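Please look through the sequence and the model shown here.

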Amino acid sequence: MKIATLKKKFGDEGIWRAAGYYACRLITKITMRLVGLYTKYFSKVCQKRILFKNRLQQDFSDNARALFEYLIENNYNEKYEIIWAVSSPAQFKGLSYKNVRFVTAENLFGWTSPAAFYYGNTAKYYFYTNNTADLNRYHCRGQLVINLWHGCGYKGSTHKNTNIPRSDTMEMFDYALVPGPAFVETKSNYWECAREAILPIGYPRYDWMLDKKNNRNNILHDLFGWETDKEKVVIWMPTFRKNSLTGYAENEIELPFELPGLMEESELHELDLFCQKENILLIIKKHPLQNKWSYQSNMQNICYVTDDFLKEKKVQLYCLVGICDALISDYSSVAVDYLLLDRPLAFVLADYEAYADTRGFVFENPLAYMPGPKLYCLKDIKEFLKQVSDGRDLWKEERHRLLPHMHNITGNYRKRIADVIFNMGTTEC
C-alpha cells in the first residue's frame, strides 16, 4: 500500500475512522484466505450459480444490472441461482426476485462477508465491471470470469502507464467485452491478454440507451418533476480530472473552472442565458470520481445530475443519454457509446495537451477517432449548441465512416452477450 494512499485516507477521514477501515480490511483479507482454503479442499464450482459485482459503491447499476435484468426477463433465475455482491444488501430488501440473493462486499467500512467470498469462489459465472474485488481469488476450477468493463474511450491505458493505478485482479478474467474491432488490440495490450479473450460484442447497457420505449418527457419528469418545453435536450458528460483517488495523473491538471472549456462561473451563467435563447435544456452529468465540484442550483436552462441523484430518482444513466438530442464530452467512453444513436456529439479539448502529457491516449492519433467538432472555449460550445438548435449535423458522414471500426452493431446486445457467454459450454453438476 502506498504511503500517499494512507496519508490521504487518514487526512480525509480522521484517525479513528481510517483505523477502523484498515482493521476491517485486515479482517476481510483473513476471511478471504480462510474461505479460500475451505473452498479449495471442500467445494467445487456450482454450474447453476451466477455472481455479479459492479464497481465499488455503485451497486446494482450499469452493465452488470443491464445484463442481470435481461437474465431475469428471460427466466434464467429459474435455472440459476444469482448472487449480487453489493456494499449494502439492506438497500435491496424490497426487491423480490426468485433465486436472487444480495451479499455484502466492499461496504463503506471496507468489509466483505464470508458469504461473498464463498459465492465468488464457487460461482460458475462471475460477471464484474471494474475488478473482481478479490471475491474469486481462490475460485474453484471451471469458473468462467467475464469482465463486462465500464466503457472504452480515448484515455490512455497501456499496461506500463504508471500514471494509471492498477489492481492485480483487474486482469483475472477469461473474456472481456469491448464495443467493436477498434478496441480489441488496445485492450489486449492493456490487460496483457490474448486478442481472443477480447469479445467485440458491445455492452449490455446499450439496450437501455437504444430502447425505443424511452420517453423524454417521462424521464425528465421523473428527474426534475416537470416536462420540458425545450426544443432540444443536450447532455454534457466530462470525464474526471481532480478526483478522490490517489495515483491518477489527471490530478495534476489545473483547469480555470470545474467545467473544461469555461474560464469562470460567469461563463456558465452566460451559457445558461444562451441555452434559454436557443430553447435548449443542457444537462450536466458529474463523473462519479470527480471532486471539487459545486452544484449550481440557480440556473434556468442548465441542470446538474449525479449518480446518487439518478439512483434516488430510479433513472438509469443510459436511459437518460438515450433521450438526448446531442452529447458534449471529451475523452470519455460515453462519446464512443453515443455513436450508436447517430446524433451530434462534440469534444471539449481545452486541456488536450496537458491530458496527453499526463494520462495520455489509447490511440496514437485520438483526434482521428473523434467524429465531431473540437471545442476549446465558451464560444466553441455555443457554436455547437447553435448547430444543434438549428438542426445542422455537420459530422454525420464522419460518424458513419468510423462506426464500423468502433462498434459491432446488433439489434439486441444483451441477447447476443448472453448467447455467447452461456453457450461456451458447461457440464451438469
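The structure holds one cavity of 30 Å³ or more, where a cavity is a set of points on a 1 Å grid over the protein atoms alone at which a 1.4 Å probe fits but cannot get out. The space in the largest cavity comes to about 60 Å³, a volume being the space filled by probe spheres set on the points, which are joined across faces, edges and corners. This is a predicted model, in which local features need pLDDT of at least 70 and side-chain atom pairs count only at pLDDT 80 or more, while totals for chains, interfaces and linings use all residues. Residues are numbered from 1 along each chain as its sequence is written, and side-chain values use heavy atoms, with hydrogens and water left out.

Among the residues lining the largest cavity are Pro344, Phe384, Gln387, Val388, Asp393 and Trp395, lining residues being those with an atom within 4 Å of a point. The lining divides into seven nonpolar, one polar and three charged residues, with Ala, Val, Leu, Ile, Met, Phe, Trp, Tyr, Cys and Pro counted as nonpolar, Asp, Glu, Lys and Arg as charged, and the others, Gly among them, as polar. Helix α13 (residues 378-390) gives the most to this lining, with three residues; helices (H or I, at least four residues) and strands (E, at least two) are DSSP runs numbered from the N terminus.

## Packing of α3 and α15

The axes of helix α3 (residues 62-73) and helix α15 (residues 413-422) come within 10 Å and cross at roughly 80°, axes being lines fitted to C-alpha atoms, for helices over the stretch in contact, and angles running from 0 to 180 degrees between N-to-C directions. α3 is therefore roughly perpendicular to α15, a term that covers 65 to 115 degrees.

In the contact (heavy atoms within 4.5 Å), residues of α3 including Leu67, Tyr70 and Leu71 meet residues of α15 including Ile417, Ala418 and Phe422. The residues of this contact divide into seven nonpolar, no polar and four charged.

## Two parallel sheets

Seven strands, in the order β3-β2-β1-β4-β5-β6-β7, form an open sheet with parallel pairing, two strands being paired if DSSP finds at least two bridges between them. Its edge strands, β3 (100-104) and β7 (198-199), each pair on one side only.

Another open sheet, of six strands, has the order β10-β9-β8-β11-β12-β13 and parallel pairing. Here the edge strands are β10 (302-305) and β13 (374-375). α13 packs on this sheet, touching β8, β9 (280-285), β11, β12 (345-348) and β13, and its direction makes about 165° with that of β11.

Conventions
1 Å grid on protein atoms, 1.4 Å probe; cavity = no way out; pocket = protein on both sides within 12 Å on 5 of 7 lines; lining within 4 Å. Parallel < 35°, antiparallel > 145°, perpendicular 65-115°, else oblique.
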